[in-house]
Amino acid sequence: MVDIVQAIGRALRMQPGEGKTASLIVPVFLKVGEQPGDILESDSYGPLIEILTALRSHDAKVVEALAVPQKSGKRTTGRSAEAAVGPGESMVGAGGSGAFTLPVRFQAPVDENVLALFIASRVLVGETQLWREGIGHARRWFEETGGLDVPYSALVGENGNYPLGKWLSDRRGENANGELAPHRVEMLDALGMIWSVSDARFEAGLDWARVWAKGHGGSLAAPARASIGGYAIGTWLSELRAAAQVPAGEPGALAPQRRAALEEIDPWWCPHWPITWQRSYAVARQWWLEADGLVDWTSLPVETVFEGEQLGRWVRAQRACWPDLVEEQQDLLTAIGIAEDQELVAAKAAAETKPKLSRADRFQLHLTALAEFVEREGHARVPRPYKTSEGLSLGAWLNNTKARRDKLSAEQRGQLEALGVSW
């Protein structure tokens, strides 16, 4: 250490412009099992830390420049690091600033980002071993994934026993309580620290929501089991709709800014009516868009199926139950050319006012139809699809009646047996 300090003194006494470069070689003796690149966690680099700390007292800018990852594209290892100093230049320029990319190089290559973190945590601040170990694992996770979205249960390290998720969670707690030093906040921010896991996950879901809406006509009426790119977008949206129903200010309520972000994608992502209706509407709108708005809904076959939805039946049902829809639903339908069908509305109203038959009356009605069938055909083996001229599904009724024989009265069973029904 004495020899190195004396060498530093001789280097500092050189005059600028002499065309000389002073190189200081600092020996580092690694312990058994340590690798040359383990500069963050290893205590064997103590002598180098002392030298850099001493240099910092002479010229802070030279050493502090090491704490900033270089973006110049210049190499900082090997001879090219020395070549960064041109003829007639000194290692320390005017005002104490370095006239080079980085003034330190290692015999074994060291990543610039690792070196920057090493200087920041060990030379400028002097972090503890516990902090260095945690920030080291965080750096490696960041390099492998591009962020610090680490599950709480994540275990990393050579033996898979370092609780990185818990370590980061503890740092979030310290930061929330104002107990995390600003320089530590900066170190974590440089690695893409996620201070609010909830916000980060919402943003991730929002990105997938945009993708889903783009492929579904701008609609977020995704089924609960829907997924895209392996992301459970349906579950995510269902949970947010549930939160949207919680009154503002109460626990679990959806934050206004999150509601606004979703409404920006789809104003009807959480309608007042069932989401199934909105999903069917989205399909109808997609049909309308693909036809350039030239759709005659009145002639659409009732059996039409599109995107897995019974589009024809749904459109007919909307035109028939128009008075039952709220004004906003009517406006949405009108926007794509679907209008009320007064004949269907009248027929629906008449059907609803028609007196309903009791179960016993329905039994007698079908029993009469069965007697007519037996008299005409000579047997009671009614095919399941068979319907009478009045529209009674006699075959289905007889099949269902046999299946619930135990629920029939003795009189009803006797009436069926009298007509030749075999069980």
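User: How many of the ten residues of helix α13 (residues 311–320) are buried?

Analyst: Residues are numbered from 1 along each chain as its sequence is written, and side-chain values use heavy atoms, with hydrogens and water left out. Helices are DSSP runs (H or I, at least four residues) numbered from the N terminus, and buried means under 20% relative accessible area, exposed over 50% and partly exposed in between, with a 1.4 Å probe and protein chains only. Helix α13 is mostly covered, and its count of buried residues is seven.

User: How are helices α12 and α13 oriented to each other?

Analyst: Axes are lines fitted to C-alpha atoms, for helices over the stretch in contact, with angles from 0 to 180 degrees between N-to-C directions. The axes of α12 (residues 275–290) and α13 come within 10 Å and cross at roughly 110 degrees. Angles under 35 degrees count as roughly parallel, over 145 as roughly antiparallel, 65 to 115 as roughly perpendicular and the rest as oblique. The two helices, α12 and α13, are therefore roughly perpendicular.

User: Which residues of α13 make the contact with α12?

Analyst: Contact means heavy atoms within 4.5 Å. On the α12 side the contact is made by W277, S280, Y281, A284 and W287, and on the α13 side by L311, W314 and Q318.

User: At roughly what angle do the axes of helices α9 and α10 cross?

Analyst: Helix α9 (residues 197–215) contacts α10 (residues 233–244) through R201, F202, G205, L206, W208, A209 and W212, which meet I233, W236 and L240 of α10. The axes of α9 and α10 come within 10 Å, and their crossing angle is roughly 115 degrees.

User: Over which residues is the pLDDT below 50?

Analyst: The protein chain has a mean pLDDT of 80, and 84% of its residues reach 70 or more. Where pLDDT is low, the predicted coordinates should not be read in detail. That caution concerns a stretch which has 53 contacts in the model beyond near neighbours in sequence, and whose pLDDT is below 50, namely residues 71–102.

Technical notes:
pLDDT is the predictor's confidence in each residue, from 0 to 100.
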